[in-house]
Amino acid sequence: MSSPGADPAPARLLIRDLAQLATPERRTAPLRGAALGAVKVIEGAYVLCDQERIIDVGAMRDLAPLADDLEELDGRGLSAIPGLVDCHTHACFAGDRVGEFALRASGASYEELHAASGGILSTVRATRDAGEAGLVRALERHVSWMLRAGTTTFEAKSGYGLNRETELAQLRAIRAAGGIPTWLGAHTVPPEFTDAGPAAYVDFLLAEVLPDAARIAEAADIFLERGAFGVEDSRRYLEACRGTGLELRLHGDQFSEAGAIPLAIELGARSVDHLESTGPDGIAALAASDVVGVLLPASALFLGRPMPPGRALAEAGAAIALATDFNPGSAFCESLPLICSLACTQLGLSPEQALTACTVNAAHVLARADRKGRLAPGYDADIVLVDADDWRHLAYHLGGPVAHTVLRAGRVV
Ligand code: NIG
Ligand code: FE
């Protein structure tokens, strides 16, 4: 996330007299099993930052005397947690789908609207029409919402261009906004390829878009689902993407178990995301693999769909992460604190498991767990001060203004 014109981080910053500090305890990511819920809590705590890095955390009573060329931030009544990491968003879109939302409220289903060229394709029309400058403006607005809610690191996908020009414009806009771009060329089949079909569209993507997309994006993603892309086209697309050095992600098991988990494991994907339809075999397979299951409870809630099996996955030992899926159709929601609430109330996770899932495990999905997602020396000074003397208000305060102060790279934003 960029902040043009912002002041540099102070040389040294002490956040002092915090009611609590909470951080995932273990360093090795992704955390799973007992380590998923292992959160270290320090009562009466401080965090010391040197420019954009954390250099020390501890209890106030152990704080050694410090030189006085130090900026201080009063943490009384507040609790520090790591800056939140949103590893699955579609935040780079133009327009909205409030009309579709109203239609769904009176009974239309998301899949019906999609099949009738509404849904994703209506955002494709708006995004193509916006032009790159318009897209940058829309994304900046969305990013400001995310930041206000405590997200200091975010991924965003293309997938609303579905042609060469707009897919690449989306990826550039995401980079320019400080996000981590994922190429989702295979989000759905665009109108130009309705007659030719998904295989012909994948041929086009691989020949015409992948070479340039691979220079901007860090990962590739595909919507493997009935009505979108099948296993064979997905394998071909993902193998070609992997050949250019991109990490692999999949949208899978959102409406049906169409083969996403076996393919993700076969290809060594970083993650498979959604999982609202995953049954016992998928849970067991995922738990035995290194693929992270990214749970998106806002989209299940927003579409009135079953929740993904969060507790069953955690108990089976799967590596899980939580994300917003922020997009105009299935999850118009930028708030990771709200996702933590849903994780605890709907998915059966503890506040500790939820915190780990949207910090260090989400950072692992984005290949940044060595620097992001924990409050410990050497990590980036990305910090959220929760507006409560118990950090678990992160999940407890349903839809509340949880983030009192947000720091990114050692600077209050
Ligand atoms: O993750 N399911 C596919 N893609 C998005 C929704 C995109 C949209 O509706 O615009 C998702 O839910
Ligand atoms: Fe998504």
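Before the first stop, one term: a donor is an N, O or S atom within 2.8 Å of the metal, and since water is not among the atoms, a site may look incomplete. Keep in mind, too, that you're looking at a predicted model.

**Stop one: the metal**

Select the iron ion (ligand 2). Which protein residues are its donors? They are His88, His90 and His251, each through NE2, plus Asp325 through OD. They sit 2.1 to 2.2 Å from the iron ion. Walk along the chain and you'll find these donors spaced as H-x1-H-x160-H-x73-D.

Now colour His88 and His251. His88 belongs to the loop between β6 (84-86) and α1 (98-105), while His251 is in strand β10 (residues 247-252), so this pair ties together parts that are 163 residues apart in sequence.

Next up, charged pairs. Side chains of opposite charge can pair when their charged atoms come close. With nitrogen and carboxyl oxygen within 4 Å as the cut-off, the model has 26 salt bridges.

Pick Arg368 and Glu218, whose side chains meet in one of them, 2.9 Å from N to O. Arg368 lies in the loop between α13 (360-365) and β14 (383-386), and Glu218 in the loop between α5 (198-216) and β9 (219-223); the pair therefore links parts 150 residues apart in sequence. Arg368 is buried, at 18% relative accessible area, whereas Glu218 is partly exposed at 25%.

**Stop three: a bridge within a helix**

Go to helix α6 (residues 231-243) and select Glu232 and Arg235. Their side chains form a salt bridge of 2.8 Å, N to O. How far apart are they in the helix? Three residues, which means they're separated by about one helical turn. Glu232 is exposed, with a relative accessible area of 54%.

Finally, select Asp380 and Arg371, another salt-bridged pair, at 3.2 Å from N to O. Asp380 is buried, at 9% relative accessibility, while Arg371 is partly exposed at 33%.

Technical notes: Residues numbered from 1 in each chain as written. Chains lettered and ligands numbered in written order. Predicted model: local features only at pLDDT ≥ 70, side-chain atom pairs only at ≥ 80, totals over all residues. Heavy atoms only, no water. Donors = N, O, S within 2.8 Å, 3.2 Å for Na, K, Ca; no water. Helix = DSSP H or I, 4+ residues; strand = E, 2+ residues; numbered from the N terminus. Buried < 20%, exposed > 50% of the residue type's maximum accessible area, 1.4 Å probe, protein only.
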